[in-house]
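Colleague: I would like to go through this model one feature at a time. Please give me the general idea each time, then the case at hand.

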Amino acid sequence: MAHDEVSGTDTSASDSSAVETTRGASTGTVVIASDVANPGEPPHRQRVTDTDPRAAKRAARSVYTLFYLSIAGSVFAVAAYMAFPIEDGDPTALRLNNLFLGIGIALSLFGIGLGAVHWGKALMHDKEGIDERHPVRGTDATVARAVEIFDEADRESGFGRRTLIRNSLIGALVAFPLPGLVLFRGFGPQDQNPPELLSHTMWKKGARLTLDPSGIPVKASDVTIGSVFHIIPEGLNERHDKLEQKAKAAVLLMRLNPDDLNISPEREGWSYDGIVAYSKICTHVGCPVALYEHQTHHLLCPCHQSTFDVVNECEVIFGPAKRALPQLPIEVDSDGYLVAQSDFHEPVGPSFWERS
Ligand code: FES
């Protein structure tokens, strides 16, 4: 067994033979470590801050100024987010919000990054070291040496001694995530209560049932027994938030033989001559319930196969949904068009919201 001077480890016989093989196989291309003279360390060059205390002081001032600049950037980003709110349909407001928020976050990151680099380059101990390779073993001596290194690093970096720099850095690191936290506010609807928003849809008394996506009103006479229509409320296509509204208000309209429907007393009058309207939003996790089995009168959600029985007020007969599809009460207006009597009587969609 031989000792490798470069790595400081022992090499086995097989390793030696591998070297020999390599030496023979690719002469002229392989560099053998023992053939290269160790160039040694370049001569040490002192920095200005090592020899001039005033330069060191100036450097320290620059470092904590940069960390304070980072804090100012974070605070600026939070203030900009509040001062330039994103208004619906106003691209200028969006541009200003993004611009000033970006400037604040950039300043914040720039201050921390440049301050840390400047601290390391100008003030921390400047000494070249050689880290010899060795087996990774957690012996007592290694642990003791690690502790020694940490102490030494603390001494040489001045982390414990230069309290102004250290504290300003801690302040900058604490302030930096604040804009990120504030940004979460932007994910929710502005000035509105999410549960309240999810509890209501566009449907109201007299709103015509129209075809999705054309928006053409539907007459009761158009709906033959066995047919099914995808329905949206009248006026939805003209709204700027039509996707959000559609996600709550989409409805499936079907006509069955009136004698086949089992209607509970409190829902008498919610349908018209066998025509019934139910929310299309699955009560499991909100996929569109898009499949209607004409023979069985079952509605099927393709996401996780929840199945709803139209004959029995869309109660769940299979799958993970826990709640029947909400029914939209409908009637016919004087022109023969199908209209809503009101909004749904319960929130549509997934059942995990607190319900009043
Ligand atoms: S979303 Fe409909 S079954 Fe899961």
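Modeller: Start with a helix pair: helix 3 passes helix 6 in a left-handed crossing. A crossing is called left-handed if the near helix is turned anticlockwise from the far one by less than a right angle, and right-handed if clockwise. Helices (H or I, at least four residues) and strands (E, at least two) are DSSP runs, numbered from the N terminus. This is a predicted model, in which local features need pLDDT of at least 70 and side-chain atom pairs count only at pLDDT 80 or more, while totals for chains, interfaces and linings use all residues. Residues are numbered from 1 along each chain as its sequence is written.

Colleague: At what angle do helix 3 and helix 6 pack, and how far apart are their axes?

Modeller: Two packed helices are described by the angle between their axes and the distance between the axes. Axes are lines fitted to C-alpha atoms, for helices over the stretch in contact, and angles run from 0 to 180 degrees between N-to-C directions. For helix 3 (residues 53-83) and helix 6 (residues 163-175) the angle is about 20 degrees and the axes are 9 Å apart. Helix 3 is therefore roughly parallel to helix 6. Angles under 35 degrees count as roughly parallel, over 145 as roughly antiparallel, 65 to 115 as roughly perpendicular and the rest as oblique.

Colleague: Which residues of helix 3 and helix 6 meet?

Modeller: Two residues are in contact if their C-beta atoms, placed from the backbone, lie within 7 Å. On the helix 3 side, the residues include Val-63, Phe-67, Ile-71 and Val-75. On the helix 6 side, Leu-164, Ile-165, Leu-169 and Ala-172 are among them.

Colleague: How does helix 4 pass helix 6, and which residues make the contact?

Modeller: The axes of helix 4 (residues 91-123) and helix 6 come within 10 Å and cross at roughly 155 degrees. That makes helix 4 roughly antiparallel to helix 6. The crossing is left-handed. Gly-111, Ile-112, Gly-115 and Trp-119 of helix 4 meet Ile-165, Leu-169, Ala-172 and Leu-173 of helix 6.

Colleague: At what angle do helix 3 and helix 4 pack?

Modeller: The angle is about 160 degrees, with the axes 7 Å apart. Helix 3 and helix 4 are therefore roughly antiparallel to each other, and their crossing is left-handed.

Colleague: Which residues touch the most other members of the largest nonpolar core?

Modeller: A nonpolar core is a set of buried Ala, Val, Leu, Ile, Met, Phe, Trp, Tyr and Cys residues joined through C-beta atoms within 7 Å. A residue is buried if 20 or more other C-beta atoms lie within 10 Å of its own, exposed if 12 or fewer, and partly exposed in between; C-beta atoms are placed from the backbone. The largest core has 34 residues, and Leu-209, Val-251, Leu-253 and Ala-277 touch the most other members. Strand 4 (228-233), strand 5 (251-255), strand 6 (275-279) and strand 12 (338-340) each give two or more residues to this core. A second, separate core of 12 residues includes Val-63, Ile-112, Trp-119 and Ile-165.

Colleague: Where is the cis peptide bond?

Modeller: The cis bond joins Asp-212 and Pro-213, with omega about 10 degrees. Pro-213 is in the loop between strand 3 and strand 4.

Colleague: Is Asp-273 buried or exposed, and what about His-297?

Modeller: Asp-273 is exposed, with 11 other C-beta atoms within 10 Å. Asp-273 lies in the loop between strand 5 and strand 6 and has a positive phi of about 50 degrees although it is not a glycine. His-297 is buried, with 20 other C-beta atoms within 10 Å. The phi of His-297, not a glycine, is positive at about 60 degrees.
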